[in-house]
Amino acid sequence: MTMSSSSFMRQLSGKEGWKSTSRRWGGGGGGNWKQMEAGFNNICGGGNGYNGGLVMRKRVMVVVDQSSHTKHAMMWALTHVTNKGDILTLLHIVPHSSSSSSSHCANNKGFSSDSSSSSAAHLASSLGSLCKACKPEVEVEALVIQGPKMATVMSQVKKLEVSVLVLGQKKPSSLFSCLCGRSSEEEFVEQCINTLDCLTIGVRKQSQGMGGYLISTRWQKNFWLLA
């Protein structure tokens, strides 16, 4: 089924255990895509993102890694969900390893140089810088956390009071699905959509021939958005 981004979001509106490495880029500038204001009335606390005369900004979280489908989801969230003054949190989760049981904290002056987390920190920093360059009016922060994936997401969604969680999805392999059923990544996305309190959106970029995105939520599966 095909529908526009604005009508899809209007439909939606009707319905700590690990140390982390983090970095934040401040906000400023102008906003766009005003249709999202109406689509997120319930999330933002009132019409046009206002509540009692105060502008209510939301926090949008995207789980990222090295894969292209999570980067597509990140850019979709940046362009379709965030508005001026919102916070975009990029969460990169590093599995526990036998050689390291914890990660390190970092502030705006730089990341930890610990070898076990340097590549993860570099990835998060690079993606954060890209988002900030593309949409400077949105505040961007990058978190690198070591721990089990689902438990970490649940913990951070609650701790940071996330309004919208965006998860990248890739096209499932027909052969793999026939032989093994759903992959662990598909099960993770489905579990997040069905159990988390915040609005959780699965995003899959269509092929170049099709264009647009397939969007899944708790209420609607694989809706085709052309935008």
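Leaving aside its neighbours within four places in sequence, which residues is M75 in contact with?

A: M75 is in contact with L130 and C134, once neighbours within four places in sequence are left aside; contact here means heavy atoms within 4.5 Å. This is a predicted model, in which local features need pLDDT of at least 70 and side-chain atom pairs count only at pLDDT 80 or more, while totals for chains, interfaces and linings use all residues. Residues are numbered from 1 along each chain as its sequence is written, and side-chain values use heavy atoms, with hydrogens and water left out.

M75 lies in helix α4. Helices and strands are DSSP runs numbered from the N terminus, with helices (H or I) of at least four residues and strands (E) of at least two. At 25% relative accessibility, M75 counts as partly exposed; buried means under 20% relative accessible area, exposed means over 50%, and partly exposed is in between, with a 1.4 Å probe and protein chains only. M75 and C131 are 56 residues apart in sequence, yet their C-alpha atoms are 7.5 Å apart in space.

Two packed helices are described by the angle between their axes and the distance between the axes. Helix α4 packs with helix α5 (residues 118-134) at an angle of about 30°, and the two axes are 11 Å apart. The axes are lines fitted to C-alpha atoms, for helices over the stretch in contact, and the angles run from 0 to 180 degrees between N-to-C directions. α4 and α5 are therefore roughly parallel to each other; angles under 35 degrees count as roughly parallel, over 145 as roughly antiparallel, 65 to 115 as roughly perpendicular and the rest as oblique. On the α4 side the contact is made by K71, M74, M75 and L78, and on the α5 side by L123, L127, L130, C131 and C134. These residues divide into 8 nonpolar, no polar and 1 charged. Ala, Val, Leu, Ile, Met, Phe, Trp, Tyr, Cys and Pro count as nonpolar, Asp, Glu, Lys and Arg as charged, and the others, Gly among them, as polar.

Helix α4 covers residues 68-80, and H69 is also placed in it. H69 counts as buried, at 12% relative accessibility. Its side chain makes a polar contact with the side chain of S67, at 3.4 Å. A polar contact is a pair of N or O atoms within 3.5 Å; within protein, one must be able to donate a hydrogen and the other to accept it, and residues adjacent in sequence count only if both atoms are side-chain atoms. Not counting residues up to four places away in sequence, H69 touches G168, Q169, K170 and E185.

E185, F188, Q191, C192 and T195 in α8 meet K149, M150 and V153 in α6. The residues of this contact divide into 4 nonpolar, 2 polar and 2 charged. Helix α6 (residues 149-160) and helix α8 (residues 184-195) pack at an angle of about 30°, with axes 11 Å apart. α6 and α8 are therefore roughly parallel to each other, and α6 passes α8 in a right-handed crossing.

V166 is buried, with a relative accessible area of 0%. Leaving aside neighbours within four places in sequence, V166 is in contact with residues including A73, W76 and A77, and also V60, M61, V62 and V63. The C-alpha atoms of V166 and I193 are separated by 9.5 Å, although these residues are 27 apart along the chain.

The loop between α6 and β8 holds E161. E161 counts as exposed at 66% relative accessibility, and its phi is near 55°, a positive value in a residue other than glycine.

Strand β5 (residues 59-63) is the place of R59. R59 counts as buried at 12% relative accessibility, and its side chain makes a polar contact with the side chain of E141 at 2.3 Å. R59 and L165 are 106 residues apart along the chain, with their C-alpha atoms separated by 8.7 Å.

Notes. A crossing is left-handed if the near helix is turned anticlockwise from the far one by less than a right angle, and right-handed if clockwise.
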